[in-house]
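Dear colleague,

I am passing on the structure that we spoke about, and below it you will find my notes on what I found. Please read them with the model open beside you.

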Amino acid sequence: MRKIKNPKPGEYVLITKYSDHDPCDPWALGWFTRKGDWKGATTYYIKDENGNESKYPKYKNCFQLTLDEGRDWMFLYFKNPNA
């Protein structure tokens, strides 16, 4: 996982509120759609697997992921033994 400032549209990413990417903090996985501005800070938006854009405006960090890394992130966070 590598932090990036200018993801390309459609790139698979993890967006987080804080830079330590702690799974207990706000985060989302998906395909990058756009950058925005929230009270003077750059924020990132993604679309999920259903095509819904993230609505939470405070994702200030963006990390490049592979699909396998995303799957591993979800498995670790949800601890799903059936995945």
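What percentage of the 83 residues in the chain do buried residues make up? Buried residues account for 33% of the 83, where buried means under 20% relative accessible area, exposed means over 50%, and partly exposed lies in between, with a 1.4 Å probe and protein chains only.

Before going further, please note that this is a predicted model, in which local features need pLDDT of at least 70 and side-chain atom pairs count only at pLDDT 80 or more, while totals for chains, interfaces and linings use all residues. Residues are numbered from 1 along each chain as its sequence is written, and side-chain values use heavy atoms, with hydrogens and water left out.

As for the overall build, the chain has one helix and five strands, and along the sequence these follow the pattern β-β-β-β-β-α; helices (H or I, at least four residues) and strands (E, at least two) are DSSP runs, numbered from the N terminus. A compact globule with 83 residues would have a radius of gyration near 12 Å, and the chain has 12 Å, which agrees; this radius is taken over C-alpha atoms, and the globule rule is 2.2 Å times the number of residues to the power 0.38. Along its principal axes the C-alpha trace spans about 40 × 25 × 20 Å. Of the contacts in the chain with a separation of 6 or more, 48% are between residues 24 or more positions apart, a contact being heavy atoms within 4.5 Å.

The five strands form an open sheet in the order β1-β5-β2-β3-β4, with antiparallel pairing; two strands pair if DSSP finds at least two bridges between them. β1 (2-3) and β4 stand at the edges with a single partner strand each, so one side of each is left without a neighbour in the sheet. Helix α1 (residues 67-78) packs on this sheet, where it touches β2, β3 and β5, and its direction makes about 100 degrees with that of β3; the axes behind this angle are lines fitted to C-alpha atoms, for helices over the stretch in contact, and angles run from 0 to 180 degrees between N-to-C directions.

Strand β2 deserves a careful look. It pairs with β3 in the antiparallel sense over five bridges, and with strand β5 (residues 61-64), also in the antiparallel sense, over four. Val-13 has Gly-30 as its bridge partner in β3 and Gln-64 as its bridge partner in β5, while the β5 partner of Ile-15 is Cys-62. Five of the five residues of β2 are buried, so the strand is largely enclosed by the rest of the structure. In a regular strand the side chains alternate between the two faces of the sheet. In β2, Tyr-12, Leu-14 and Thr-16 point one way, and Val-13 and Ile-15 the other.

Which residues make up the largest nonpolar core? There are nine of them, namely Ile-4, Val-13, Ile-15, Ala-28, Phe-32, Tyr-44, Ile-46, Tyr-59 and Cys-62, and such a core is a set of buried Ala, Val, Leu, Ile, Met, Phe, Trp, Tyr and Cys residues joined through side-chain atoms within 4.5 Å. β2 (12-16), β3 (27-38) and β4 (41-47) each supply at least two residues of this core. A second, separate core of seven residues includes Leu-14, Trp-27, Leu-65 and Trp-73.

Thr-43 lies in strand β4 and is buried, with a relative accessible area of 0%; leaving aside neighbours within four places in sequence, Thr-43 is in contact with residues including Arg-34, Trp-38, Pro-57 and Tyr-59. Lys-47 lies in strand β4 and counts as partly exposed at 38% relative accessibility, and its C-alpha atom is separated by 6.5 Å from that of Thr-33, 14 residues away along the chain. Lys-55, found in the loop between β4 and β5, is exposed, with a relative accessible area of 73%, and lies 21 Å from Leu-65, C-alpha to C-alpha, the two being ten residues apart in sequence.

With best wishes
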